[in-house]
Amino acid sequence: MRVANRPVHRPLSPHLQVYRPQLTSVLSILHRGTGMALSVGALYLATWVVYASASPKTYALFQGFNTSILGRIFLAGWLFCLFYHLCNGIRHLFWDAGYGFELKDAYRSGWIVVGVSAVATLVSWIVGLSLA
């Protein structure tokens, strides 16, 4: 017999190790992560403006990092975050309108978001490098 107000000794929520990662949960976590990365990238852009306005020497120093391998990886990652967050935000707008809640539709739209983000990142790098 259960006594009222006696604590039940069981976890309130299962640990993450219990669940297999699903595409929808991974994309949700990625959406939050890309939002944080965009905040860091905004600080990076503000730093670029400060260096550009300081002197040609400081701007050249900053551009030296941007054109390095590490700098290009950072910029490519930030650009992917931008496109992913944009595409997934559009996906969420469709959800807000009541579309795409079926499991197959959620998976299809998730893969479309990832694919469009990757292609948009690649195309923007190809166009950007061809203009430089």
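**View 1. Just past the end of H3, Gly 98 has a positive phi of about 95°.** Like every view here, this one comes from a predicted model. Helix H3 itself covers residues 69-96, and helix H4 picks up at residue 103.

**View 2. The whole chain is four helices and zero strands.** Read from the N terminus, the elements go α-α-α-α. How far does the C-alpha trace of the chain span along its principal axes? It covers about 80 × 35 × 25 Å. The radius of gyration is 22 Å, while a compact globule of 132 residues would have one near 14 Å. Of those 132 residues, 18% count as buried. The accessible surface comes to about 10,000 Å², and carbon and sulfur atoms hold 73% of that.

**View 3. Five residues make up the largest nonpolar core: Leu 23, Leu 27, Tyr 84, Cys 87 and Val 113.** Helices H1 (23-54) and H3 (69-96) each put at least two residues into this core. Val 113 is one of the buried residues of H4. Which residues does Val 113 touch, once those up to four places away in sequence are set aside? They are Tyr 84, Cys 87, Asn 88 and Arg 91. Tyr 84 and Cys 87 belong to the core as well, and Asn 88 and Arg 91 are listed with them among the buried residues of H3.

**View 4. Helix H3 has buried residues that pack against H1, helix H2 (56-66) and H4.** Those buried residues are Gly 71, Trp 78, Leu 79, Cys 81, Phe 83, Tyr 84, Cys 87, Asn 88 and Arg 91. As for length, 28 residues at 1.5 Å each should span 40 Å, and the end C-alpha atoms of H3 are 40 Å apart, so the two agree.

**View 5. Helix H4 runs over residues 103-131.** Its 29 residues should span 42 Å at 1.5 Å a residue, and its end C-alpha atoms are 42 Å apart, so expectation and model agree. Ala 106, Ser 109, Gly 110, Val 113, Ser 117 and Thr 121 are the ones buried here. An α-helix has 3.6 residues a turn, so residues three or four places apart point the same way. The cover over the buried residues of H4 includes H1 and H3.

**View 6. Here we zoom in on Thr 121, a residue of helix H4.** Is Thr 121 buried or exposed? With a relative accessible area of 9%, Thr 121 is buried, because the cut-off for buried is under 20%. Its side chain reaches the backbone oxygen of Ser 117 at 2.8 Å. Skip the neighbours within four places in sequence, and the contacts of Thr 121 are Ala 76, Leu 79, Phe 80 and Phe 83. Of these, Leu 79 and Phe 83 are among the buried residues of H3.

**View 7. Over in helix H1 sits Met 36.** Met 36 has 58% relative accessibility, so it counts as exposed; the cut-off for that is over 50%. How far apart in space are Met 36 and Ala 52, C-alpha to C-alpha? The distance is 25 Å, for two residues 16 apart in sequence.

How values were computed: Residues numbered from 1 in each chain as written. Predicted model: local features only at pLDDT ≥ 70, side-chain atom pairs only at ≥ 80, totals over all residues. Heavy atoms only, no water. Core = buried A, V, L, I, M, F, W, Y, C linked by side-chain atoms within 4.5 Å. Buried < 20%, exposed > 50% of the residue type's maximum accessible area, 1.4 Å probe, protein only. Contact = heavy atoms within 4.5 Å. Expected span 1.5 Å × (residues − 1). Rg over C-alpha atoms; globule rule 2.2 N^0.38 Å. Areas by Shrake-Rupley, 256 points an atom, 1.4 Å probe, with all protein chains shown as cover. Polar contact = N/O pair within 3.5 Å; in protein donor to acceptor, adjacent residues only side chain to side chain.
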